[in-house]
Amino acid sequence: MEIKTLINYLQTANLNFLIGSGASRPYLGVLGKIEEWLTKVSNDNSLTDNQRKLFLASVYRSYCQKAILGNLTRTPLDKYEGAKKAYADFLSSLNEIVNRRGTRLISKQINLFTTNVDTLIENAAESLAIEFNDGFRGSVNQIFDESNFRKTIGKASLHFQSVAELPVFNLYKMHGSINWKRLSDDKIGNDYQLSLVNTINAEMSRIAADGFVETEYDDAGVMKPYEYKDLLDKVKAKAAILADFTVYDSFLSAYEKLIMVNPTKHKFQETVMDMHFYELMRLYSNSLEKENTILFVTGFSFADEHIAKLTMRAADSNPTLQIVIFAFSDSEEASFKKNLHFTDSALNSNVTIITPAAFKLDNKDYSAQLSTVNDFSLKSLNTVFEFIRNSIPNRYGK
């Protein structure tokens, strides 16, 4: 895809982004086989209650280490700051691109849909002078309310009655967040201090390191996840020599209080009665049904079957929708097609998978500006958006 095509999309379409765990790497890890493990164990009747406790505790520990505790510890600090800066650069470039739009006919809202439960995006937004809406209302005791996403923000002139719409980022955390806490009447509050994550970390720390089963193995210096059967065998072997399984109770109890959806293929069915998760999925689907809409995808593999189906259903039913997927590496194109059940003859031919090599080939006239784009990490993607931002004339002369 050529740069000029991306510029046209960014200038003329309703903007939506789908952001997965890959966007937070290398600071936070991708899920690997965690979804597969939790899906299979939920249907596996071969485990005893104690074996299941050990299995879940070990996998939850792995998930905490990959995607949760880094938000609390922020170590190593240089990697945390690097990940936060990547998100800040991403938001800053998009804010300026939308500000430079030459038309007032299209809303300046930018929808960020994410399955990530970390708080990197919020922390990045906090460091910028942008309008950011995470769905919470109130100042001190904030309450989450999906109706907040229908708000727009305008700025009135001091001397005239004209009002200009400001770019607004709407953050939809479709699988919940580590900073959400359950209040009375099923309301959700904002836990700025991550008190529940602190509790989870404390309870996990009380369990000896050898009380867990390692979920990865060292393969010539590269850590790789076990296959489900191998992990299950390790759990059963470890459980056979353990005497006390009550040590896992407090950790599991604290973890299960998190207001988030666990990564299993049945995640949506498990939480379909929870109005918040259901509503966020509905808002995602509705956004893709709008006329003249684009969805950019980064760091997301579409291994989540429910989101994959919703996305392709929208692609098939809405011919004005364009879906642009940035594959981290050239080798990932095949897995995207597999996860989306996608063929080159999709109904409306409106799904494009961009690999780094193909992108550089399509834009060989800009090889100097794109020389560092050897993958589509968020940092590399920012190089593209920064180039686009600088290519769009600033109507205000700033």
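Mentor: Here is a walk through the sheet, strand by strand, and then its surroundings. Keep in mind that this is a predicted model.

Start with the overall layout. Seven strands form an open sheet, in the order 3-8-2-1-13-14-15, and the pairing is parallel. Strand 3 (131-133) and strand 15 (351-354) stand at the edges. Each has a single partner strand, so one side of each is left without a neighbour in the sheet. From one strand to the next, the twist averages 20 degrees.

Now take strand 8, residues 168-173. What covers the count here: six of its six residues are buried. Look at the side chains. V168, N170 and Y172 point one way, while F169, L171 and K173 point the other way. Both sets are buried. To count as buried, a residue must have under 20% relative accessible area.

Strand 8 has a partner on each side. Three bridges join strand 3 to strand 8, and the two run parallel. There, E131 has V168 as its bridge partner. Strand 2 also pairs with strand 8 in the parallel sense, over six bridges. In that pair, I110 stands opposite F169.

Move on to strand 2 (residues 109-114), which pairs with strand 1 (residues 14-19). The sense is parallel again, and there are five bridges. N16 stands opposite N111 in strand 2.

Next come the helices. Helix 4 (residues 77-99) lies across strand 1, strand 2 and strand 8. Its direction is about 170 degrees to that of strand 1. Helix 11 (residues 305-317) packs on the sheet as well. Helix 11 touches strand 1, strand 13 (293-298), strand 14 (321-326) and strand 15. Its direction makes about 135 degrees with that of strand 14.

Strand 14 deserves a stop at one residue, I323. I323 has a relative accessible area of 1%, so it is buried. Leaving aside neighbours within four places in sequence, I323 is in contact with L295, V297, T311, A315, N350, V351 and T352. T293 lies 30 residues from I323 along the chain, yet their C-alpha atoms are separated by 8.7 Å.

Now the loops. Most residues other than glycine have a negative phi, and most peptide bonds are trans. P26 is found in the loop between strand 1 and helix 2. The bond from T75 to P76 is cis too, with omega near -10 degrees. P76 lies in the loop between helix 3 and helix 4.

Turn to phi. N292 is in the loop between helix 10 (275-289) and strand 13. Its phi is near 60 degrees, a positive value in a residue other than glycine. N292 has 34% relative accessibility, so it counts as partly exposed. A220 sits in the loop between strand 11 (216-219) and strand 12. At 78% relative accessibility, A220 counts as exposed.

Finish with the largest pocket. It holds about 1200 Å³ of space. Its lining has 50 residues, and V30, L31, G32, S301 and A303 lie nearest the centre. By class, the lining has 22 nonpolar, 16 polar and twelve charged residues.

Terms used:
Residues numbered from 1 in each chain as written. Predicted model: local features only at pLDDT ≥ 70, side-chain atom pairs only at ≥ 80, totals over all residues. Heavy atoms only, no water. Pairing = 2+ DSSP bridges. Helix = DSSP H or I, 4+ residues; strand = E, 2+ residues; numbered from the N terminus. Axes fitted to C-alpha atoms, helices over the stretch in contact; angles between N-to-C directions. Contact = heavy atoms within 4.5 Å. 1 Å grid on protein atoms, 1.4 Å probe; cavity = no way out; pocket = protein on both sides within 12 Å on 5 of 7 lines; lining within 4 Å. Points joined across faces, edges and corners; volume = space filled by probe spheres on them. Nonpolar A, V, L, I, M, F, W, Y, C, P; charged D, E, K, R; others polar. Buried < 20%, exposed > 50% of the residue type's maximum accessible area, 1.4 Å probe, protein only.
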